[in-house]
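Hi,

Here is the structure I promised to send over. Have a look at it first, and then read on for what turned up.

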Amino acid sequence: MSWGIELWDQFDNLEKHTQWGIDILEKYIKFVKERTEIELSYAKQLRNLSKKYQPKKNSKEEEEYRYTACKAFLSTLNEMNDYAGQHEVISENMTSQIIVELARYVQELKQERKSHFHDGRKAQQHIETCWKQLESSKRRFERDCKEADRAQQYFEKMDADINVTKADVEKARQQAQTRHQMAEDSKADYSSILQKFNHEQHAYYHTHIPSIFQKIQEMEERRIVRIGESVKTYAELDRQVIPIIGKCLDGIVKAAESIDPKNDSQLVVEAYKSGFEPPGDIEFEDYTQPMKRTVSDNSLSNSRGEGKSELKFGGKSKGKLWPFIKKNKLSLKLGATPEDFSNLPPEQRRKKLQQKVDELNKEIQKEMDQRDAITKMKDVYLKNPQMGDPASLDHKLAEVSQNIEKLRLETQKFEAWLAEVEGRLPARSDQARRQSGMYEAQNAPSVNNCAQDRESPDGSYTEEQSQESEVKVLATDFDDEFDDEEPLPAIGTCKALYTFEGQNEGTISVVEGETLYVIEEDKGDGWTRIRRNEDEEGYVPTSYVEVYLDKNAKGAKTYI
């Protein structure tokens, strides 16, 4: 089957058909291009969706992703991000392997088609020229034959007429012979051109056109094969990403299977456990004997009446912290969180302190690594002076060492508080916690704890009395703690084991190795009150000093 034989006379139709084939190819390219745009748009929307629901850094939302269910959701978001990436891969591969390649092929195809049909038209024009020559020689031969015939008839007429002179007859005879010779020459020319035309026509229909049409047929078949290959590539590019997309989906399934409700429940306990014991039974208050009524230890009047003495002598209030009272309302208004997190319940405070210790240890390790790097650089400079001056690193090395020392002191401070919470040191009383909070957080936790002391026997909180009573209790406690009218006598001495920078109100700075006077012993809150001279006194962490009490000192019994 050959177009050159079967379609020898369909030049125009073949020209239209091949142009239609190119149009089909360009239409397919446009289709793939729109598919790539859809893939890119879909991938972009998936990425935006994943980004929209990602937890914000350093926010409460980020802390929620400790739970396995939230982790599974986060894994889903990450997998969807990878899923979107595979659609971007599809778009990129289709662009490079289909659109770009086919676009280049279309340009080559157009040039090849143009060349073939140019050769076909050239052959057509040649055969048409030969045909015109044949027609012209034929008409000339016909005309000469007619002229010769008329000249012969004229000669015969003149020869038969007796009135015509011999010269006229001879002239007519010569004219007839000339015309006859012209007719013979036209006949020979016509015969020659006819033979040439038949030869050219045979070559045109049996050689030139079949060859040109065969090339056009091969070109068209290559175009069809190329479309088939592109369609196959189109499917393969989709198929290539299926395993990776399957892994993304498997990751989502694995994340779903990793959800552990028991673990999440335990995390809830760790997040919100206060560490307090449930409140005990409320004692019966007998009002039938007005003169001998016994007031309950954890009644409101007892809290008011004994609050001052308890605060003065460090006695622990018998009333428990009721876990369901709005106890932080006023403290949030009046102050910031204390440095030792004493405003938090024991369990939450332990977690915060442990977190702080871990952060400080990381900072220490970072500074130590930096110190080691500077030391190595200094050694290099010592061995190779041309590389730098070793003395130029001394200042930086001293600065890093100083930072390490500060961080270690800070770590010791928080480790002392952490040890206190975990039971390695005596537990702090509610009253002592109020003292520490008052000194370290500008009175905010003190106000908060005063509000706690006004709990009613049934665990309720009297909101109507909050503002006036809290301010009064706070002022009374503060005055009792810092009453300078009668200076407390020294009950012993102490030696500073570490340097302490007292930056909060009520504290005092000490230097390692310094000896000072003890005027108030640790009441279980982790703080000891000391005096340097008549004008300088305050609190320092008990773990920072070594105390030597004078058993015979005046007033010593008061604080033991």
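How many aromatic pairs does a search of the whole structure find? The search finds 13, where rings of Phe, Tyr and Trp (its six-membered ring) pair if their centres lie within 6.5 Å; planes under 30 degrees apart count as stacked, over 60 as edge-to-face and the rest as tilted. One of them joins Phe-500 and Tyr-544, edge-to-face, at 5.6 Å centre to centre with 75 degrees between the planes. Phe-500 lies in the loop between strand 1 (492–496) and strand 2 (515–520), and Tyr-544 in the loop between strand 4 (537–541) and strand 5 (545–549), so the pair ties together parts that are 44 residues apart in sequence. Strands here are DSSP runs (E, at least two residues), numbered from the N terminus.

Please keep in mind that this is a predicted model: local features need pLDDT of at least 70, side-chain atom pairs count only at pLDDT 80 or more, and totals for chains, interfaces and linings use all residues. Residues are numbered from 1 along each chain as its sequence is written, and side-chain values use heavy atoms, leaving out hydrogens and water.

Back to that pair: Phe-500 is buried, with a relative accessible area of 7%, and Tyr-544 is buried too, at 3% (buried means under 20% relative accessible area, with a 1.4 Å probe and protein chains only).

Elsewhere, the charged end of Arg-226 sits over the ring of Tyr-105, 4.7 Å from its centre. Arg-66 does likewise over Tyr-67, at 5.6 Å. The criterion is CZ of Arg within 6 Å of the ring centre and within 35 degrees of the ring normal.

Best wishes

Methods:
Helices (H or I, at least four residues) and strands (E, at least two) are DSSP runs, numbered from the N terminus. Buried means under 20% relative accessible area, exposed over 50%, partly exposed in between (1.4 Å probe, protein chains only).
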